[in-house]
Amino acid sequence: MGFDASELKYDANGLIPAIAQDHATGEVLMMAWMNAESLARTLESGQVTYWSRSRQSFWAKGESSGHVQKLVELRVDCDRDCLLMLVDQTGPACHTNRRSCFYTAVRDGEEVEILAPMDL
């Protein structure tokens, strides 16, 4: 049985959430949006490509920063409305130069920074 991206459940804008997770450590790196074409580009090239809602254009992760994500494995959730991409991340995943976009936590009712920017 082959994979058919048209069987995924996209939202009204033709988008599906995609979570990037480090394939070796399990660390959740980021969440972004994909459409059918960005998913096809990712599967074809192996370089993760998202759809930028703000720019209304494709965004190959790392195309300007060099902090690329290489797809190791694509997983689809049980409802077929969310993607999990196990990736090999070069450098920081976040545009703030942090390893993960999830660099704040709420602890004892306070928001605290738990990851500093990486030294590049």
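This briefing describes a helix and an open sheet in one protein structure. The structure is a predicted model, in which local features need pLDDT of at least 70 and side-chain atom pairs count only at pLDDT 80 or more, while totals for chains, interfaces and linings use all residues. Residues are numbered from 1 along each chain as its sequence is written, and side-chain values use heavy atoms, with hydrogens and water left out.

**Helix α1**
- Helix α1 spans residues 36-45, and its buried residues are Ser38, Leu39 and Thr42, where buried means under 20% relative accessible area with a 1.4 Å probe, protein chains only.
- These residues lie on the same side of α1, because they cover an arc of only 100° around the axis, taken from the directions from the helix axis to the C-beta atoms.
- At the start of α1, the backbone nitrogen of glutamate 37 has a side-chain oxygen of asparagine 35 within 3.1 Å.
- Glycine 46, which follows α1, has a positive phi near 85°.

**The open sheet**
- Four strands, in the order β2-β1-β6-β5, form an open sheet with mixed pairing; strands are DSSP runs (E) of at least two residues, and helices are runs (H or I) of at least four, and two strands pair if DSSP finds at least two bridges between them.
- Because β2 and β5 stand at the edges with a single partner strand each, one side of each is left without a neighbour in the sheet.
- Strand β1 (residues 16-22) runs parallel to β6 and is joined to β6 by five bridges, and leucine 84 in β6 is the bridge partner of isoleucine 19.

**Helix against strands**
- The cover over the buried residues of α1 includes β2 (28-34), β3 (49-52), β4 (57-60), β5 (69-76) and β6 (83-89), contact meaning heavy atoms within 4.5 Å.

Note on methods: Buried < 20%, exposed > 50% of the residue type's maximum accessible area, 1.4 Å probe, protein only. Polar contact = N/O pair within 3.5 Å; in protein donor to acceptor, adjacent residues only side chain to side chain.
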